[in-house]
Amino acid sequence: MKVSQHPPLTVKVWGDFACFTRPEMKVERVSYPVITPSAARGVLESIFWKPEIWWRIQEIQVLRPVKHFSILRNEVNRVCLKTPASQGSIHKTQYSMVFCAI
């Protein structure tokens, strides 16, 4: 595929909570420490989507230190356990992502 001659597009995203689920952790929800490339592409496509444009990620920067936290959740049982889940989600996160059109 030929890379576009247009300058790259930079997107800055932030949020109070994030969870980029790791597939090898089937029971507990454990997050990757940084946004995954497919999630970054999904963020951009939710903002600017056209079927004729494909986006390639060139760079992901972490703009705010990653802080993990644990939450008590109940996804399966009716009775919630008193023990918290393992480190699972990210709190107060901010990323800068650079994309180019393909």
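User: Among contacts in the protein between residues at least 6 apart in sequence, what percentage join residues at least 24 apart?

Analyst: This is a predicted model, and the values here are computed from it. The chain runs through the pattern β-α-β-β-β, with 1 helix and 4 strands in total. When the contacts between residues at least 6 apart in sequence are taken as the reference set, the share that joins residues at least 24 apart is 71%.

User: Which element gives the most residues to the largest nonpolar core?

Analyst: The largest nonpolar core has 12 residues, among them V11, F20, I35, L44, W55 and Y95. Two or more residues of this core come from each of β1 (9-18), α1 (37-47) and β4. With 4 residues, the element that gives the most to this core is β4.

User: Which residues does I35 touch, not counting residues up to four places away in sequence?

Analyst: I35 is itself a member of the largest nonpolar core, which also includes F20, A40, Y95 and M97. Once the residues up to four places away in sequence are set aside, the residues that I35 touches are F20, A40, V43, I60, Y95 and M97.

User: Is S96 buried or exposed?

Analyst: S96 lies in strand β4, and, leaving out residues up to four places away in sequence, it touches T10, V11, K12, E59, I60, Q61 and L63. Because the relative accessibility of S96 is 10%, and the cut-off for burial is under 20%, S96 counts as buried.

User: How are the rings of F48 and W55 arranged as a pair?

Analyst: The structure holds 1 aromatic pair. The ring centres of F48 and W55 are 5.9 Å apart and their planes stand at 65°. Since planes over 60 degrees apart are classed in this way, the pair of F48 and W55 is edge-to-face.

User: What separates the C-alpha atoms of I57 and P8?

Analyst: I57 is found in strand β2, which covers residues 55-62, and, aside from neighbours within four places in sequence, it is in contact with P37, A40, R41, V98 and F99. I57 and P8 are 49 residues apart along the chain, while the separation of their C-alpha atoms is 9.5 Å.

User: What accessible area do V34, V62 and V66 have together?

Analyst: V34 lies in the loop between β1 and α1, and, at 31% relative accessibility, it counts as partly exposed. With V62 and V66, V34 forms a nonpolar patch on the surface, and the accessible area of these residues together is about 180 Å².

User: Of the accessible surface of the protein, what percentage belongs to carbon and sulfur atoms?

Analyst: Of the 102 residues of the protein, 24% count as buried. The accessible surface comes to about 7500 Å², and the part of it that belongs to carbon and sulfur atoms is 58%.

How values were computed: Residues are numbered from 1 along each chain as its sequence is written. This is a predicted model: local features need pLDDT of at least 70, side-chain atom pairs count only at pLDDT 80 or more; totals for chains, interfaces and linings use all residues. Side-chain values use heavy atoms; hydrogens and water are left out. Buried means under 20% relative accessible area, exposed over 50%, partly exposed in between (1.4 Å probe, protein chains only). Contact means heavy atoms within 4.5 Å. Accessible areas come from the Shrake-Rupley method with a 1.4 Å probe; for residues, only the protein chains shown count as cover. A nonpolar core is a set of buried Ala, Val, Leu, Ile, Met, Phe, Trp, Tyr and Cys residues joined through side-chain atoms within 4.5 Å. Patches are made of residues with over 30% relative accessible area and no salt bridge: like charges are joined within 9 Å, nonpolar side chains (Val, Leu, Ile, Met, Phe, Trp, Tyr) within 5 Å. A salt bridge is a side-chain nitrogen of Lys or Arg within 4 Å of a carboxyl oxygen of Asp or Glu. Rings of Phe, Tyr and Trp (its six-membered ring) pair if their centres lie within 6.5 Å; planes under 30 degrees apart count as stacked, over 60 as edge-to-face and the rest as tilted.
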